Amino acid sequence: MSGTKLDILWSPVHHDKFIVWGPDITLYEVAKLTEIEKKTTFSQISSTRGATVVASQSASGVRCVDISAIADHPDPLLALGHASGRVTLASLKQTYDPLGLVGREFVPKYGRPCNGLSWSHDETNLIAVALDKHRSDNCIQVWDANRSSVSTDEFTDNTANVQSEPARPIAELALSETAHSVAWTDLGNRTLAASMNMKHIKIYDLREQSGTAVGVATSRQCLGVCAARRGWQLASRGEAGVCVWDARALARPLLTLPSARPPRKIQWCPTRRNLLLSLQRDSSTLRLHDIQHAQEYRTSQSVDSSMSATPALEEGEEGGARGPSVLERDVSPAAQPLAAFCWHPAHEARLLALCLSGGVVEYTVCERVTVAWGARGGVVWAGGGALRLMRDDFYGALQDVSHRMQRRAATDYGLKPDLWQNADLAEDEALSGLWHFLALSKSLVEDGCFRNSPWKLPGVRTVLRAPGDGGYRSEAVPLLLPDMPNRKVTVYRSAERTCALQLCGWGWGWENAGVGVERAEAEGTPCRAAALAAFHLRTRAALDVLARAQEPRLRVAALALAGPGADERLWRDAMSAAAPALPDAYLRALLHFLAATASAGAAQPDLSAVLNETEMRLEDRVAFACIFLPDGRLQEYVRATCEALTEQGDLAGILLTGVSPEGVALLQRWVEATGDVQSAALLAARCCPADLLRDRRVSAWLESYRTLLDGWRMWWARCALDTCVCACAGEAGEGAGALAAARRVGVACNYCGKCVAAPAHSARPRAALARLPPPANKMKISSCPNCRKPLPRCGVCLLHLGTGSGFVSVGGVGGVGGGVGGIVGGSVGVGGAQFGGWFSWCVACRHGGHAAHLLQWFSEHSECPVSSCSCRCSSLDPPDQL
């Protein structure tokens with residue numbers, strides 16, 4: 001069977017039936033495996049479907065086959081083209097012929113082989129036939145199936161056909177030429193495309209009485225041609241590959257798709273535009289050609305001639321239109337060489353592949369999915385002939401960081417006046433703790449607890465400077481445990497350690513610690529409360545906390561706090577052995593601490609087991625170290641912990657680094673791990689000094705978050721962010737003006753194009769005894785300070801637009817009118833006019849005036865205040881923005 005021509009065709013009307021033809025023509029019916037009767041013989045074509053044989057007949061002498069699209073026929077109606085040129089209509093399963101079409105024949109005047117035929121899907125009674133060359137006959141003939149060379153009235157099953165007067169084709173084209181294939185197109189009513197003479201692609205319009213081609217292209221790839229449904233594309237195949245044509249301009253192919261072996265069959269997908277499928281000879285794969293960016297020409301008229309198509313192509317090229325491109329990929333329906341394939345006429349991306357061995361395989365082509373991200377974080381993709389959008393609740397279920405950032409931005413996250421107010425909006429425990437720490441550090445700085453700190457929000461490492469760096473020296477104070485007089489421990493005191501304890505939220509002494517113990521117990525963490533009490537040498541308070549706990553195991557653990565019995569060493573060893581088995585880190589640290597405390601006269605205890613409990617909060621471990629470690633070991637512990645947390649990108653490390661270059665490095669690692677550039681940018685805008693704002697990493701955070709806010713159209717949040725950045729720059733004094741000026745907005749003069757804002761340095765020098773200038777809010781500038789041309793007039797008061805020139809006492813930025821003082825206004829020391837005097841105008845009619853006058857005018861009117869203008873300016877903005 002491998003040496004015989006094989007092909008497979010779906011019925012365009014009966015979507016569950018197809019034919020396979022070679023030596024025989026066989027009709028199959030497709031059904032689900034569960035719907036096929038048990039004793040029925042079938043061929044499984046996929047995991048869910050099988051094909052049963054309905055009917056079969058010999059295909060001796062048949063050169064080409066096509067199936068009719070007549071919907072009224074109960075079974076597929078076939079047109080069979082023979083080697084003699086005769087075309088017959090047949091139905092493999094002849095049960096009922098309501099139209100009387102079965103058995104009709106169409107015979108050309110001169111016999112020669114039939115190379116191809118095609119049923120029209122629009123006028124289903126028309127059949128186009130492609131014939132070999134004859135010098136006295138046309139090679140393309142169009143027949144009407146309702147009229148034939150055989151009289152159907154005299155046709156019977158038992159007698160020979162009686163010939164009536166021979167019928168003629170309704171159209172005959174291409175005299176003394178050879179047609180290799182023919183196909184109906186959607187270019188217009190009754191339009192044909194044909195490959196001819198081994199070198200031409202021609203388009204014929206049957207409405208033209210002359211019978212000449214309306215479009216001609218010369219190409220060697222013309223062994224077969226097919227036309228796309230609902231489109232302008234044609235495809236032709238040859239020995240070297242496939243060519244894609246635009247039927248509106250056949251001067252040259254849109255695309256040439258070379259192939260290693262000659263294509264055996266090509267076909268456009270009927271359910272998706274611009275998708276072409278080809279099969280190469282002796283290949284086990286099908287190649288998909290996805291045509292992209294199809295050329296759009298300015299001319300809208302149909303094809304008239306090959307001469308008129310060429311200017312259309314040149315016009316499109318000169319206009320800068322992009323040519324098409326193609327995305328190719330191979331699919332493998334079966335693991336053996338293929339003989340033919342056929343797209344399903346209605347089902348999306350479904351096809352049948354026919355193997356050389358005669359087996360049939362059903363295959364569904366997975367569509368190439370194109371995904372696009374929206375500016376607001378939405379995902380849209382194309383699939384199944386439709387655009388699909390991901391629902392917002394999907395991102396909430398995934399805990400996507402971009403969705404979370406957008407949701408927080410809508411709640412003014414990071415922009416609250418007090419830093420601690422942002423903790424409730426963080427939606428993250430680590431971020432919430434960070435905002436609380438920054439608020440605590442800021443309050444301690446404002447209270448004067450930290451002096452000579454290089455950073456506005458210092459951390460523990462900044463406070464605990466090394467002794468060699470001009471730091472402190474602590475005082476060692478031995479103490480006895482109040483509840484265990486036989487136990488002694490050494491604590492260390494200094495002003496720097498007290499500041500560090502305040503940053504950790506502890507404070508010095510039981511008066512401050514007692515409040516923390518009560519708060520921890522109220523939060524439902526009795527183990528932490530008991531450990532804090534024990535670390536402050538109040539074992540009785542720790543025993544009481546554990547005794548009040550609801551969990552029985554905590555009450556059992558309280559027995560360890562009762563103190564040693566007769567053998568203290570045995571008690572201490574039992575405590576050290578039992579600690580690792582406890583589930584809570586604070587309980588383990590509590591037992592390690594009690595076991596490490598030595599009796600009176602003993603050496604310095606080893607407290608490393610307590611400090612190694614990393615599941616404890618960082619502030620509790622650092623505060624414990626500040627109380628019980630000497631200066632050298634304290635510095636080493638703080639340094640090692642800070643480096644480890646910075647490497648991990650743990651936000652808790654800001655407790656040690658503060659807002660410093662080390663803190664910026666830690667935040668950068670955290671941003672790389674989480675992608676939360678929003679929190680990093682807001683922390684920088686609220687807490688970083690001007691020197692850190694110029695850091696490359698900080699600038700990248702701010703620019704990234706500005707881009708996000710612009711994409712989300714959150715203009716107020718964007719403005720507030722820039723306000724915070726300029727405020728931090730303004731607090732730095734000299735040198736911060738450039739940063740504030742970089743975000744400055746101004747109005748340009750209509751004549752010279754320069755900013756109409758009056759710079760601060762432009763004030764003319766005055767003599768020592770000259771009169772003092774009027775206040776800035778009374779200085780009016782009604783002309784451009786550069787070219788001296790008058791400024792526009794206000795549409796309400798008819799005075800020249802000019803406002804008080806606000807000069808800046810810090811940074812040197814000033815402005816007039818719409819160019820006042822940058823984005824920040826006067827809130828951070830940048831001068832400028834009040835909002836009522838700002839330039840405002842309509843983006844439609846370009847008329848404007850003072851902001852206060854326009855607000856008053858549009859509160860009573862809807863049209864422009866200029867008498868000759870009928871623009872309804874107020875309707876361009878929503879009511880809530882006026």
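Guide: Start with burial. Buried means under 20% relative accessible area, exposed means over 50%, and partly exposed lies in between, with a 1.4 Å probe and protein chains only as cover. This is a predicted model, where local features need pLDDT of at least 70, side-chain atom pairs count only at pLDDT 80 or more, and totals for chains, interfaces and linings use all residues. Residues are numbered from 1 along each chain as its sequence is written, and side-chain values use heavy atoms, leaving out hydrogens and water.

Visitor: Why is R350 called buried?

Guide: R350 has 7% relative accessibility. The cut-off is under 20%, so R350 counts as buried.

Visitor: What makes R350 and E362 a salt bridge?

Guide: A salt bridge needs a side-chain nitrogen of Lys or Arg within 4 Å of a carboxyl oxygen of Asp or Glu. Here the N to O distance is 2.3 Å, so the pair qualifies. E362 is in strand β28 (residues 360–364) and R350 in strand β27 (residues 350–355), twelve residues apart. Strands are DSSP runs of E with at least two residues, numbered from the N terminus. E362 is buried too, at 10%.

Visitor: What does the salt bridge between R229 and D186 tie together?

Guide: The closest N and O atoms of R229 and D186 are 3.6 Å apart. R229 lies in the loop between β18 (224–227) and β19 (233–237), D186 in the loop between β14 and β15, so the pair ties together parts 43 residues apart in sequence. R229 is partly exposed at 34%, and so is D186 at 30%.

Visitor: How many salt bridges does the rule give?

Guide: The count comes to 32. Elsewhere, E703, R706, D710, R718 and D722 are linked in a network of salt bridges.

Visitor: How do you know that β14 and β15 pair?

Guide: Pairing takes at least two bridges found by DSSP. β14 and β15 (residues 191–196) have five, in the antiparallel sense, so they count as paired. A183 stands opposite A193 in β15.

Visitor: What order do the strands of this open sheet follow?

Guide: The order is β14-β15-β16-β17, with antiparallel pairing. β14 (179–184) and β17 (215–218) each have a single partner strand, so one side of each lacks a neighbour in the sheet.

Notes: Helix = DSSP H or I, 4+ residues; strand = E, 2+ residues; numbered from the N terminus.
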